[in-house]
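Student: Please take a close look at one part of this model's surface with me. I would like to know what builds it, and how that part sits within the chain as a whole.

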Amino acid sequence: NADEDEKADFYLYKGYALIGNGENVPAADLMAASEAMQKAKELGHAEAQQGATAVSNALVNAAIADQNAQKYAQAAEKLNSAYRMNTRDTLYLYYAASNAVNAQDYDTALKFYEELQDLGFTGEEVIFTAVNKETGEE
């Protein structure tokens with residue numbers, strides 16, 4: 001029976017509570033935090049984007065740990081969730097697809113690669129470098 005603002009607050013704080021300090025967070029809590037932050041964003045909470053970034057960072061860090069432990073399926077799931085939180089970060093979807101291949105989950109990998117293709121993903125990037133005019137140092 002709560003109003004929209006109270007519901008948004010609830011989901012935001014639920015997301016923060018689930019990730020804690022972001023270290024050693026169980027996968028289920030990371031996924032639940034992701035869903036909670038998405039709900040807070042849908043309800044228009046002003047801090048939801050900042051919370052979503054915190055959850056996304058925790059997901060990516062956990063995915064890296066999973067990848068290093070050769071838990072590729074879990075890494076793919078976490079990277080896919082991080083991508084769904086911010087669909088501009090297409091590299092997360094690319095890495096999710098790569099981890100799905102390593103997990104030999106070719107159907108999931110194909111689905112991710114096809115989505116990337118539909119998005120026009122090429123893997124190209126622009127790198128900017130600053131050079132000190134006086135010293136020539138990058």
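**The nonpolar patch**

Tutor: Gladly! Helices α5 (90–102) and α6 (106–119) each supply at least two residues of the nonpolar patch; helices here are DSSP runs of H or I with at least four residues, numbered from the N terminus. Please keep in mind that this is a predicted model, in which local features need pLDDT of at least 70, side-chain atom pairs count only at pLDDT 80 or more, and totals for chains, interfaces and linings use all residues. Residues are numbered from 1 along each chain as its sequence is written, and side-chain values use heavy atoms, with hydrogens and water left out.

The members of this surface patch are L91, Y94, Y95, V101, Y106 and Y113. Together they have about 550 Å² of accessible area (Shrake-Rupley method, 1.4 Å probe, only the protein chains shown counting as cover for residues). To join such a patch, a residue needs over 30% relative accessible area and no salt bridge, and nonpolar side chains (Val, Leu, Ile, Met, Phe, Trp, Tyr) are linked within 5 Å; a salt bridge puts a side-chain nitrogen of Lys or Arg within 4 Å of a carboxyl oxygen of Asp or Glu.

Helix α5 gives the most to the patch, with 4 residues. Y106, for its part, belongs to helix α6.

Now for the wider setting. The protein chain holds 6 helices and 0 strands (strands being DSSP runs of E, at least two residues), and its pattern along the sequence reads α-α-α-α-α-α. Its C-alpha trace spans about 60 × 50 × 30 Å along the principal axes.

How values were computed
Patch = residues over 30% accessible without salt bridge, like charges linked within 9 Å, V, L, I, M, F, W, Y side chains within 5 Å.
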